[in-house]
Each structure stands twice: as structure tokens, then as C-alpha cells.
Amino acid sequence: MLAKLSTRPTLRRCAVTGAVGMVLLGTGLPMSTDRSDPDLTRFYQQQVTWAKCPGEGLPKDMQCGKVTVPLDYADPKAGTLDLALARYRATGDRRGSVLLNFGGPGGPGVPEFATGAKEFMELTDNYDIVTFDPRGVGRSSPVSCGDGQEDIEVEDDGTELGRDPRKVLERFKQAAAACARHSGPVLPHIGTVNASRDMDVMRQALGDKKLNYLGFSYGTRLGAVYAAQFPEKVGRLVLDGVDTLTEPLTEQGLAGAQGQQKALEEFINWCVKDIACPLGQDAREARKHVVQLVDSLDENPVPSAFGDPFTGQDLVGAIGQALYSEDLWPALERALASLVEGGDTHAVESFASAGAAPRQREETGDPDGGLVDAEDVPLDNLSAALMAINCADDPDRPTGEEIVGSLDRLRAEYEEASPVFGPYRLSWVLLCYGRPKGTDFIRDEVKDVHTPKMLLVGTRGDPATPYRWTVETAKRLGTSAVVLDNKGSGHTGYASSKCVHRKVDAFLLYGTLPADGSSCGPEDERES
């Protein structure tokens, strides 16, 4: 695959879970979770000042603000970071706030709010709805791996990794060093443990005694960590598209390959019923056609919309994004037709980019921790932040010899899971090699939480976070966890299922929980 440090637009904001999205390299360790020693008083005494959001074309009723948090919770005097916030105010009897995280990791909340807040407006009957750009993300001291002037490529569809794995691993080290050079002081302090602590500062700054929270995909990991760190501060907490807390990256990547292969086959079965399907009208041949198309582009890339080569692995990443929702299938069909029939990558790249042209940047952000302007957020920020956060959250660091020794087995397992997504996933899960060991807090300590009841939503046909993760995470969290079984498909349930939407809103607004193990039907909206 092509692992490249450049200003090329990267994955869309969508809820790309850290578990089964691209699992990339990071360079830092989360700091101590001990809250008893350092004096954090000044951070817990602040209040948010809300004002009109800067920029053109933003909703008039959306307000923006910021909170200041310590760069290093173990040493609060070592520096600070400003975190970008956005809100829509309650329209009815205000009871406080609901904080939202849309996933990633690496997805900024503020721009998502500007375009996608309609789904949450019923919550404004009683709450301000608030989102944020986590540390290292968006306007909040964004991390980056460079401006495209020092591209470090690992062009590998699985063949080079098998032929010369030590050479590939050495390139991973070079890539990690480039990320460290371009990311500034926030990088060693990035990760979910610190992001959770930031959320508690936000809770206090918003004036809430308890945190009410709605997290999607990676946001469920963040919510679970908060519940473990601050159980006495948990209010009404919802986790939709539940991430794993325990599986190693190799198992997470395998689950991702399996889930996306299943979603791809469902798309193909739908597509071949249309005479205009660019893959033909036979499902078996269409599956072969996809593999051939990927192989062909790996061997002979075509020019992308941004001038760079568009490879087969770029196509795999774009298709993977489009498979998160059946609503995107018609657009994916048209995009593949443009690619197959005319060699035009614009449409298919729209699934993997924000649609912006490349920009060159001298620096990543404000070295003093202030907010950067939206136009100065690096184009690779989503992938760079995803790299750093996932690896900072992962305690496993196999040696080069251990990776080489297990490579044949892993290659066979991933290829069996998906001939399309398998090589792509395997290359990414190895990219934490050479990085510092991540925290063991999530794997060891996020369990048996003593909090009020929380709602966990799992979707049976989720291509990114398999339903079994919801069951496993609920069991791990203990008796506080209540599971809602969404029998539909797509990544997360709140936006795609009216039944899930109603039950989540009823819990957040009124405290009404469904029975543990109750379900929402698929398309017909039947409930039990």
C-alpha cells in the first residue's frame, strides 16, 4: 500500500474507528492518569465564552468557544493547549449540555457540527449540544506528518512487505520521525487518556455537575475511558458503534477486513441488479473485477485529482469509506463508473477526502498551544492524529523479529478475510512499529465501572465495529452497561435507524432506558 507523508487530502471525517479504520503509527505516550497530585485548580475554574464562529458560510445559530487544558497533566505548569468548541443552544428548558464526539480518532467535531448537526436538534429541547476538536485534531494544536516536501513512501500491496519486511519497517521508523518533526509539543501528550481528562475540564467549564455524552465509533472508546477515570461524574452516557477495549491491533485489523469484505459483497449484490453497474451483472465476476481493478491501479496508477498517483490501495481506502452507509451506494456506483469508464478519479476520491486542493504549510500550529485558523489545519491532520492516538492507546510493540516471524501467518489470515481489504489492513496495523509503547490503562483499567446506567448501541451489520465488540465491551464495563441491539446495517445506528434515534433521545432527554438486550429491527423499524 502507499503510506505517504504528504499534504494529500486524507480520509473523510466519518466515524473511522481506531480499531478497524487505518491503524497507523504514533509517536507519544499518554501521561499519568493520577489526578491527585498536580494542582489543576485554574483549569477547573474557567468558563466558556461563546461567540459567533469565525469563518464564512457557517450556521448563524452555531456558537464557538474554547477551553484551556494542560499540555501535560503530570506537570500543569509545562504549558497549555486551547481546545476548540462549538455549540447549539437549548431552545427549551435547559438542563445542561450533551457533549458529542463523532469518532475517528482524528475527526474534528467543529466542522462536523457545521454541516451535520441536524440529526441532533431534538436534543436541544433540553440541552445545549456541544462538540469539540480533541487535542492534536482540527484547530486544537493539529498534528501533521509534513507538507509533502519529504514524502516517505512504502508502496506495498503486500508484496514488498513479504519480500523485504525489514526495509519496510525501517521506512516506518522514518515516517514516525517525520511526524515528530512536524507535530510540535502536543504529540507526546496525545491519546484517549488525556482526551478524557480534557472532557472533564470541558464538563466543568460548561457548568455541568455530570457529563452527558453521546459518542460514536472511536468516541465510544473515549466515553468508556471517561467512565473509568471519572465514574462519579458520569451522567447520561451513550456509546454507539462500540469499539473494542482489549483486542490487539492485529485482531482489530482482521475484524476490519472481514467487516468491510462483507459490506463490499452486499454492495456488489445490490449494484449488479442495475444495468448501469460498472462491475457487470454477475456478482461473482464483479468481485473478481474489483480485485483486478485494485491490482491494475497498483501496477499502473492513474493521475489523481490532486496530481499524485492514484493507486489501487488508494481505491481500497476510498471504497472502504463509502461502505459505511447504504445511502452512499448510488454515489459509489457512479464514482466507480467514472473511474472504470473514463479513468476519472475525482468522484471516488471524494469518499476519501474533504474535497479541498492541496495547500503547503510551513508549521503545524501555534507552538504556544493556541487555536489555529481553520484554513491552516494541515490536510493530513486526520490521518496523522489517527496515527498518534491509536498507537498511544496501544501497549503492544512487537519487535522486528517478532513481526517478521509472524508475517506469513498474518498475510494468509488477512488474505482469507478479504482479498481486497486484507493487504491494506495488514500494512496499516504494522505501522506502530518503532514507536514508544502506548498506555496499558485502557486494556487493564477500563472495566467494572461503577457509574449510573449507560446505553451501548451495537449494529449487527456494522462494517467497522462488529456487534460482538458491543457485547464484549458491555460485559467488561459491568452491570452499568445496557445493550441496545440494532439489527440493521451500516456504521453506527443513531443516524440510520429511527428506532435507535428515538431510544437514544429518550434516554438523554428523559432518562428512559430500553431493557438490556432489547432490539431495533432493520428497515421495517420493528421493535422488541
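This is a predicted model: local features need pLDDT of at least 70, side-chain atom pairs count only at pLDDT 80 or more; totals for chains, interfaces and linings use all residues.
**Stop 1: strand E9**

Select residues 234–240, which form strand E9.

Pick Leu-211: its bridge partner in E9 is Val-234.

Show residues 218–229 as well, which are helix H6. E8, H6 and E9 together make a right-handed β-α-β unit.

Next, select strand E12, residues 454–461. E12 is also parallel to E9, with 3 bridges between them. Look for Asp-240, which stands opposite Val-457 in E12.

**Stop 2: around Arg-443**

The whole structure has 18 salt bridges. Select Asp-394 and Arg-443, whose side chains form one of them, at 3.5 Å from N to O. Asp-394 sits in the loop between helices H12 and H13, and Arg-443 in helix H15, so the pair ties together parts 49 residues apart in sequence. Asp-394 is buried, at 5% relative accessibility. Arg-443 is partly exposed, at 22%.

Which residue forms a salt bridge with Arg-443 at 3.1 Å? Select Asp-396. Asp-396 is partly exposed, with a relative accessible area of 29%.

**Stop 3: Lys-487 and Asp-485**

Finish with Lys-487 and Asp-485, a salt bridge with its closest N and O atoms 3.0 Å apart. Lys-487 is partly exposed, at 39% relative accessibility. Asp-485 is buried, at 4%.

How values were computed:
Residues are numbered from 1 along each chain as its sequence is written. Side-chain values use heavy atoms; hydrogens and water are left out. Buried means under 20% relative accessible area, exposed over 50%, partly exposed in between (1.4 Å probe, protein chains only). Helices (H or I, at least four residues) and strands (E, at least two) are DSSP runs, numbered from the N terminus. Two strands pair if DSSP finds at least two bridges between them. A crossover is right-handed if, with the strands pointing away from the viewer, the path from the first strand over the helix to the second runs clockwise. A salt bridge is a side-chain nitrogen of Lys or Arg within 4 Å of a carboxyl oxygen of Asp or Glu.
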